[in-house]
Amino acid sequence: MISPFHSDIVRFLQRHHYSCVTPRAALIDMDGTLYDSMKNHTAAWHRLMTEAGIPCTRDEFYLYEGRTGASTINTLFNRALGRDATDEEKESLYHKKTVYFNELPPVKPMPGALDMVTTLSQAGIRRVLVTGSGQSSLISRIDTDFLGLFDPDMRITSRDVKHGKPHPEPFIRAMQLARVSPSQSIVIENAPLGIEAGDKAGAFTIGVTTGPIPVEEMEKAGAAIVFPSMEKFAEALPMLLLALLNTRIDS
Ligand code: MG
């Protein structure tokens with residue numbers, strides 16, 4: 001029986017000129033993927049920028065997801081003021097954004113995320129956390145919410161990269177950390193910029209819908225396949241891993 005994922009996998013292999021994908025590492029985003037944190041992030045950004053007199057809408061911050069805080073601040077400064085933010089402005093605004101985020105009710109792990117990561121672990125696939133965030137309050141919760149599933153050495157945060165998503169650097173650094181090649185990697189993401197970074201890094205990039213971003217935006221960004229929720233993805237993951245191992249083309 002041909003797996004329901006066959007045609008998506010073949011399309012990905014052809015596009016990247018691979019003969020197969022052999023998943024050895026999963027490079028996993030944090031906000032909106034492991035944690036249901038985007039509502040709080042967009043609320044904190046909107047409050048911050050509104051108070052700073054910079055016009056913005058709350059929903060636009062969903063589209064910036066994955067970038068570093070400094071890059072988001074710069075984008076809004078350029079649009080509203082026609083200039084880059086200074087390093088001091090970036091630092092003080094990002095600090096304030098973190099304070100506003102931490103004032104909001106604590107975020108919960110994304111339903112289905114623990115099952116998803118557990119399945120990867122049981123399949124012997126290394127897990128690397130790859131986040132544009134530098135928000136230590138959430139990063140440090142990984143150890144308790146995903147007990148024993150993320151090695152402290154297997155994390156790429158905004159502090160480890162020069163270029164944030166959509167640049168492929170965070171995922172390339174994660175591959176180096178896990179000692180895998182692009183065709184041995186899968187990326188799990190919820191946001192277009194993260195998906196773009198994963199695909200540019202050469203990984204089989206899975207988009208998971210966990211917020212208001214339409215499927216077409218994820219496909220346009222280069223998602224090899226898109227799932228409608230984290231729970232649905234977690235449920236399908238064992239079959240997807242099997243399908244990846246069993247699909248090979250002459251490249
Ligand atoms: Mg995300």
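**Arg-179 sits in the loop between α9 (169–178) and β4 (185–189) of this predicted model**. Helices here are DSSP runs of H or I with at least four residues, strands are runs of E with at least two, and both are numbered from the N terminus. Arg-179 isn't a glycine, yet its phi is positive, at about 55°. The side of the story you can see from outside: Arg-179 is exposed, at 74% relative accessible area (exposed is over 50%, buried is under 20%, partly exposed is in between, with a 1.4 Å probe and protein chains only). Residues are numbered from 1 along each chain as its sequence is written, and side-chain values use heavy atoms, with hydrogens and water left out. Because the model is predicted, local features need pLDDT of at least 70 and side-chain atom pairs count only at pLDDT 80 or more, while totals for chains, interfaces and linings use all residues.

**His-17 also has a positive phi without being a glycine**. Its value is near 55°. Look for His-17 in the loop between α1 (6–16) and β1. Buried or exposed? At 64% relative accessibility, His-17 counts as exposed. As background, most residues other than glycine have a negative phi, and most peptide bonds are trans.

**Lys-165 and Pro-166 are joined by a cis peptide bond**. Omega for this bond is near 15°. Pro-166 is part of the loop that runs between β3 (155–156) and α9.

**Four residues supply the protein donors of the magnesium ion: Asp-29, Asp-31, Glu-65 and Asn-190**. Donors are N, O and S atoms within 2.8 Å of the metal (3.2 Å for Na, K and Ca), and sites may look incomplete because water is not among the atoms. If you want to trace the donors along the chain, the spacing is D-x1-D-x33-E-x124-N. Asp-31 comes from the loop between β1 (25–28) and α2 (38–51), and Asn-190 comes from the loop between β4 and α10 (192–200), so this pair ties together parts that are 159 residues apart in sequence. Asp-31 is buried, at 7% relative accessibility, and Asn-190 is buried too, with a relative accessible area of 5%.

**The largest cavity has Asp-31 and Glu-65 among the residues nearest its centre**. Rolling a probe the size of a water molecule over the atoms shows where empty space is left. On a 1 Å grid over the protein atoms alone, a cavity is a set of points where a 1.4 Å probe fits but cannot get out, while a pocket is an open set with protein on both sides within 12 Å along at least five of seven lines; lining residues have an atom within 4 Å of a point. How many cavities of 30 Å³ or more turn up? The count is 1. The largest cavity holds about 220 Å³ of space (grid points are joined across faces, edges and corners, and the volume is what probe spheres set on the points fill). Its lining has 20 residues, and Trp-45, Gly-66 and Arg-67 are also among those nearest the centre. α2, α4 (69–81) and α5 (87–103) each give two or more residues to this lining. α2 gives the most, with 3 residues.

**The largest pocket draws on α4 and α5, which each give two or more residues to its lining**. About 200 Å³ of space lies inside the pocket. The lining residues include Thr-68, Gly-69, Ala-70, Asp-87, Lys-90, Glu-91 and Tyr-94. Gly-132, Ser-133, Gly-134 and Ser-158 line the pocket as well. α5 gives the most here, with 4 residues.

**Ile-73 is a buried residue in helix α4**. Its relative accessible area is 0%. Met-49 is 24 residues away along the chain, and the two C-alpha atoms are separated by 8.6 Å.

**Helix α12 (residues 230–246) bends by about 50° at Leu-237**. That bend is the angle between axes fitted to the seven residues ending there and the seven starting there. A proline, Pro-238, follows within four residues. Among the buried residues of α12 are Met-230, Phe-233, Leu-237, Leu-240, Leu-241 and Leu-244. Ala-236, also in this helix, is buried with a relative accessible area of 15%. Ala-236 and Phe-5 are 231 residues apart in sequence, but 9.9 Å apart in space, C-alpha to C-alpha.

Notes:
Expected span 1.5 Å × (residues − 1).
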